[in-house]
Amino acid sequence: MASIKSSGYCPGDSILHTAGPGKKILLALICVLITGTADGPALLFMIFLCHLGMLVSGMFILDAWKRLAIFKIFFLVLGVTPLFLTPGVPLYFFSEFTLPVTIEGIECSFFTLARLACMIWISTILVRTTSPQSFIDIVNAGSKSRFFAKSKLLKDFLLVGMLSFQILPHLLAEAEEKM
């Protein structure tokens, strides 16, 4: 039970908890793909969908926002870099003072941070509603299919990927505490 609690999984009976793990993984991949390519209204819709998923899975929205603090270094780097490196129309303050920040850089920075937040929330919802055993069962059940049976390396890669996907937020939080 301690390993289940440390994985981030919270048992429940919501529609997301009862859906099959394969369907949830496929849905999460589609949502991540849409989030990565979306802008404007589509990205706003994905943010809304993430918040709806949080409510359905029983996660407090404020806690989900607080979880983003674990990734504050990523947010800082990915938010500040486009500000200064994106070419475009520079911002003018007063009459002659220009800042090396562009309007396009601000827009790029905003979209980058919104995409990262959505991807973190999508993965959090997936991990919160899918038990670690379900992830392992998918890989093991997949070994009966022709695709996984041919490659033990692919099966092991997927298993390590799924387990590291669950533990990554905890590792980043611990690394940040030590820094």
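**Helix 3 against helix 4**

I started with helix 3 (residues 21–37) and helix 4, whose axes come within 8 Å and cross at roughly 145 degrees. Axes here are lines fitted to C-alpha atoms, for helices over the stretch in contact, and angles run from 0 to 180 degrees between N-to-C directions. The helices themselves (H or I, at least four residues) are DSSP runs numbered from the N terminus, as are strands (E, at least two). I noted that helix 3 passes helix 4 in a left-handed crossing, meaning the near helix is turned anticlockwise from the far one by less than a right angle. I then listed who touches whom: Cys31, Ile34 and Thr35 of helix 3 and Leu43, Met46 and Leu49 of helix 4 make the contact. Contact means heavy atoms within 4.5 Å. Sorted by class, I get five nonpolar, one polar and no charged residues there. For the classes, Ala, Val, Leu, Ile, Met, Phe, Trp, Tyr, Cys and Pro count as nonpolar, Asp, Glu, Lys and Arg as charged, and the others, Gly among them, as polar.

**A note on the model**

I have to remember that this is a predicted model, where local features need pLDDT of at least 70, side-chain atom pairs count only at pLDDT 80 or more, and totals for chains, interfaces and linings use all residues. Residues are numbered from 1 along each chain as its sequence is written, and side-chain values use heavy atoms, with hydrogens and water left out.

**Helix 4 against helix 7**

Next I looked at helix 4 (residues 41–57) and helix 7 (residues 103–129), whose axes come within 10 Å and cross at roughly 25 degrees. The residues in touch include Met46, Cys50 and Met54 of helix 4 and Phe111, Cys118 and Trp121 of helix 7. By class I wrote down eleven nonpolar, four polar and two charged residues for this contact.

**Helix 3 against helix 7**

Helix 3 and helix 7 pack at about 175 degrees, with their axes 9 Å apart. They are therefore roughly antiparallel to each other. Among the residues that meet here are Ala28, Cys31 and Val32 in helix 3 and Cys118, Met119 and Ile122 in helix 7. This contact divides into eight nonpolar, four polar and two charged residues.

**Two Phe residues**

I picked out Phe111, which lies in helix 7. Is Phe111 buried or exposed? At 17% relative accessibility, Phe111 counts as buried (under 20% relative accessible area is buried, over 50% exposed, in between partly exposed, with a 1.4 Å probe and protein chains only). Leaving aside neighbours within four places in sequence, Phe111 is in contact with Asp39, Gly40 and Leu43. The C-alpha atoms of Phe111 and Gly36 are 9.5 Å apart, although 75 residues separate the two along the chain.

Then I moved to Phe135 in helix 8 (residues 132–142). Phe135 counts as buried at 2% relative accessibility. From C-alpha to C-alpha, Phe135 and Leu158 are 9.4 Å apart, with a sequence separation of 23 residues.

**The whole chain**

Last, I stepped back and found ten helices and two strands in the chain. From the N terminus on, the order is α-α-α-α-α-α-β-β-α-α-α-α. Of the 179 residues, 31% are buried. Among contacts with a separation of 6 or more, 66% join residues 24 or more positions apart.

Conventions. Angles under 35 degrees count as roughly parallel, over 145 as roughly antiparallel, 65 to 115 as roughly perpendicular and the rest as oblique.
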